[in-house]
Amino acid sequence: MVETKIIIIVSIAVLLVIILASCIKIVPQAHSYILERLGAFQAAWGVGIHFKVPFIDRVAKKVLLKEQVVDFDPQPVITKDNVTMRIDTVVFYQITDPKLYAYGVENPIMAIENLTATTLRNIIGELELDQTLTSRETINTKMRSSLDIATDPWGIKVNRVELKNIIPPAAIQDAMEKQMKAERERREAILRAEGEKKSTILVAEGKKESAILEAEAEKQSAILRAEAQKEKMIREAEGEAEAILKVQQATADGIRMIKEAGADEAVLRIKSLEAFERAADGKATKIIIPSEIQGLAGLAGSLQEIVTTK
């Protein structure tokens, strides 16, 4: 009997310990617990240790507060020009109000998926195919704004929406590939033509510069030749002038020597005749001389004109 009582007491003690342990809750970082008392919302527990009343309070929902990513399956959409395509989206969201998230909508993820599909259809329905393919950033911005407004009553903030894939029909893909191929061929032809044009221009400019350099070289050569010819003529003229000066000097020296030697009239006459002989030497047919010769000095001053005629 005593043993039975001991077992009962121990069992009750263990049960109390288990109950007390179950009433102690530790909320980890980036989490929140929704506490209900008798089925009604009581509190949203944050990070730390918390205590609840046994059998009255219960943790109704554990909410993750970190940013989360959900990738939805491709959704069929129709563009403004009646092209059907499939687009799958990626939504980045974060729970900002645990109470609204717990009681705002039954299945938040499904709600976001359906809302994303309808919003995407509305936006793509206003765009043509080409605009859809080139306006991803615009579509992402519009979807994020619309989803953020719609999910705000659910305690959810949509941070970002991305179009993961845009899958047009096979026929459209073939046409786009052909168009891209034609565009690449056109660009290649343009680049080739521009290259040939630049090459022709460079060759022409090279020939032009070569002709200019040749003309400049010829000009410099002609200038150098003219300067050399000029210097040569100057040297020749200076040589001739110096030769004439020396001849005149020699003649003057000869006259002075004759004068200083005291030559008589016979010698002067002989010198005069030699001078006449040298003057007449050549092709001259007529010589005019003074009528009187009185000395060497008179003979040197009187010889004025020698006229030659043929």
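Predicted model: local features only at pLDDT ≥ 70, side-chain atom pairs only at ≥ 80, totals over all residues.
Started with a helix pair: α3 (residues 108–124) packs on α5 (residues 136–151) at about 135 degrees, and the two axes are 10 Å apart.

Next I listed who meets whom. From α3 I have Ile112, Leu115, Thr116, Thr119, Leu120, Ile123 and Ile124. On the α5 side they meet Ile139, Lys142, Met143, Ser146, Leu147, Ala150 and Thr151. Sorted by class, the contact comes to nine nonpolar, four polar and one charged residues.

Stayed with α3 and checked its length. It has 17 residues and spans 24 Å from first C-alpha to last, close to the 24 Å expected at 1.5 Å a residue.

Which residues of α3 are buried? I get Pro108, Ala111, Ile112, Thr116, Ala117, Thr119, Leu120, Ile123 and Ile124. What do these buried residues pack against? Besides α5, I noted the helices α2 (98–104) and α4 (129–134), plus the strands β7 (75–78), β8 (84–95) and β9 (156–167).

Moved on to Lys25, which sits in strand β1 (residues 24–27). Skipping residues up to four places away in sequence, I found Lys25 touching Trp45, Gly48, Ile49, His50, Lys52 and Val59. I took one of these, His50, and checked its spacing: 25 residues from Lys25 in sequence, yet 5.1 Å away in space, C-alpha to C-alpha.

Then Gln173, in helix α6 (residues 170–261). Its relative accessible area is 32%, so Gln173 also goes down as partly exposed. With neighbours within four places in sequence left aside, I have Gln173 in contact with Ile167 and Pro168.

Last, some whole-chain numbers. I count eight helices and nine strands in the protein chain. Of its 310 residues, 20% count as buried. Among chain contacts with a separation of 6 or more, 61% come from residues 24 or more positions apart.

Note on methods:
Residues numbered from 1 in each chain as written. Heavy atoms only, no water. Axes fitted to C-alpha atoms, helices over the stretch in contact; angles between N-to-C directions. Helix = DSSP H or I, 4+ residues; strand = E, 2+ residues; numbered from the N terminus. Contact = heavy atoms within 4.5 Å. Nonpolar A, V, L, I, M, F, W, Y, C, P; charged D, E, K, R; others polar. Expected span 1.5 Å × (residues − 1). Buried < 20%, exposed > 50% of the residue type's maximum accessible area, 1.4 Å probe, protein only.
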